[in-house]
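Student: I'm new to reading protein models. Could we go through one together, feature by feature?

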Amino acid sequence: MDRAAFACSTAFFHDYSSASHGAICLPQGHVDYIEKVESFSYSDFFRDYLIPNHPCVFSAKFTEGWGSRRNWVTRDGKPNFDYLLQHFGKAVVPVANCDVKEYNSNPKEQIPLKEYISYWKEYIKKNYHSPRGCLYLKDWHLYRTPFHADVFRSYSWSANICGKKKWLLYPPRQEYHLRDRHGNLPFDVTAPGLQDSSIYPRYAQSCPPVEIIQEAGEIVFIPSGWHHQVYNLEDTISINHNWVNGCNVAIMWSFLQDELAAVQREISEWRDTMEDWHLQCQVIMKSCTGINYKEFYNFLKVIAENRISVLNHVLDEEASAKNTHRAATSALGMLHAVFDLKRTVQVLTSLNANEDFKKLNPKSLSPPPEALLHHLKAAIDTALL
């Protein structure tokens, strides 16, 4: 992160209320296409897409040096099954059946990759039909993902190693209009049933989705809280990654508060009769989302410790550079680490003041939140001296 991006981020996140910045919509559904690697920096990405929470597409030039694009793909652009079998055939992988719906997801089973590739070959041979249904390997989607937003409202990128995808994206808060009268999101946003106003009373108020056609080698960036549905238009292999930083950690915290509130509403009738009702809410929340408030605190602590380590590394390098005339380097950089720490302090302060968190005996945590906050603020002050 350069100083211009740091100044931009500081101005944008001037107070905690900017946690909801993801509601910004794109003009006429336009998604930027980043063509040239050499003229696009991380600071550009941070300033133009992470901060405003906007999607974008990177050209295939950004992945042309990846080993996966050389080795996992045949010369005619198809999955290289022989290579995958040779190197990963014994791996046990999660496979979901797209033709079966359980609640708002697909049932999964664990099978060896070699068995899945055998199925995939037969599926192609029979014109994409199988008595086993349409199976997809986790993160190597064979057909379609259900409508969803990424875990913990994280950022994500998805790189097509081969094949073609169609993405349907809805900006944050648009999903409100897509919920049925019980508050449930649809499994498929293209289903004709959404036109039924007795079931989906607000669907007519929704905006059309942003549509992206992703070609082989291209990378799609999905911002925090953007619900999306994805179709594989060809035999496709993709690599996907999720992450959180200072730009969206407050969105993650807001999401967790909403999740706990939903659990509390669901079992509110037992508030006065259930022993340790608030603890049970945390247990249920973890089973639904994969994390509870104490684990979120530990998540913030780990991130904070990592950023402090980066600051210490940079300061050590700068001291060394003065003696050796060598430029200081760091993968993350001091300004990015400071930005992440400042945002972590804001979220941690909010967490520490939260009434539900207070009921979890936070002073028993190591270190206690107050001590961690003091440590983070001191680290920020030292870095900015």
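Student: Which residue caps the N-terminal end of H1?

Tutor: Keep in mind that we're looking at a predicted model. For a cap, look for a side-chain atom placed by a backbone atom at the helix end. Here Asp2 caps the N-terminal end of H1, with a side-chain oxygen 3.3 Å from the backbone nitrogen of Ala4.

Student: Okay, staying with H1: which of its residues are buried?

Tutor: Buried here means under 20% relative accessible area. In helix H1, which covers residues 3-12, Ala5, Phe6 and Ser9 are buried. Looking down the axis of H1, you'd find its buried residues within an arc of 100 degrees, so they line one face of the helix. Arg3 and Ala11, on the other side of H1, are exposed.

Student: And what covers the buried residues of H1?

Tutor: Helix H2 (42-50) and H9 are among the things that cover them.

Student: Let's zoom out. How many helices and strands does the protein have?

Tutor: There are eleven helices and twelve strands. Of the 385 residues in the protein, 48% are buried.

Student: How should I think about a nonpolar core?

Tutor: In soluble globular proteins, nonpolar side chains tend to be buried together. In this model the largest nonpolar core has 62 residues, and those touching the most other members are Phe45, Phe221, Leu256, Tyr293, Phe296 and Leu351. Helix H9 (residues 334-353) gives this core its largest share, ten residues. There's also a second, separate core of 22 residues, with Tyr116, Tyr119, Cys134 and Leu135 among them.

Student: Now a sheet. In what order do the strands S3, S4 and S5 come?

Tutor: To read a sheet, follow which strand pairs with which. These three form an open sheet in the order S4-S3-S5, with antiparallel pairing. Strand S4 (108-112) and strand S5 (135-137) are the edge strands, each pairing on one side only. On average, neighbouring strands of this sheet are turned by 40 degrees against each other, direction ignored.

Student: How many bridges join S3 to S5?

Tutor: Three bridges join strand S3 (residues 92-97) to S5.

Conventions: Residues numbered from 1 in each chain as written. Predicted model: local features only at pLDDT ≥ 70, side-chain atom pairs only at ≥ 80, totals over all residues. Heavy atoms only, no water. Core = buried A, V, L, I, M, F, W, Y, C linked by side-chain atoms within 4.5 Å. Buried < 20%, exposed > 50% of the residue type's maximum accessible area, 1.4 Å probe, protein only. Helix = DSSP H or I, 4+ residues; strand = E, 2+ residues; numbered from the N terminus. Pairing = 2+ DSSP bridges. Axes fitted to C-alpha atoms, helices over the stretch in contact; angles between N-to-C directions. Arc of directions from axis to C-beta. Contact = heavy atoms within 4.5 Å. Polar contact = N/O pair within 3.5 Å; in protein donor to acceptor, adjacent residues only side chain to side chain.
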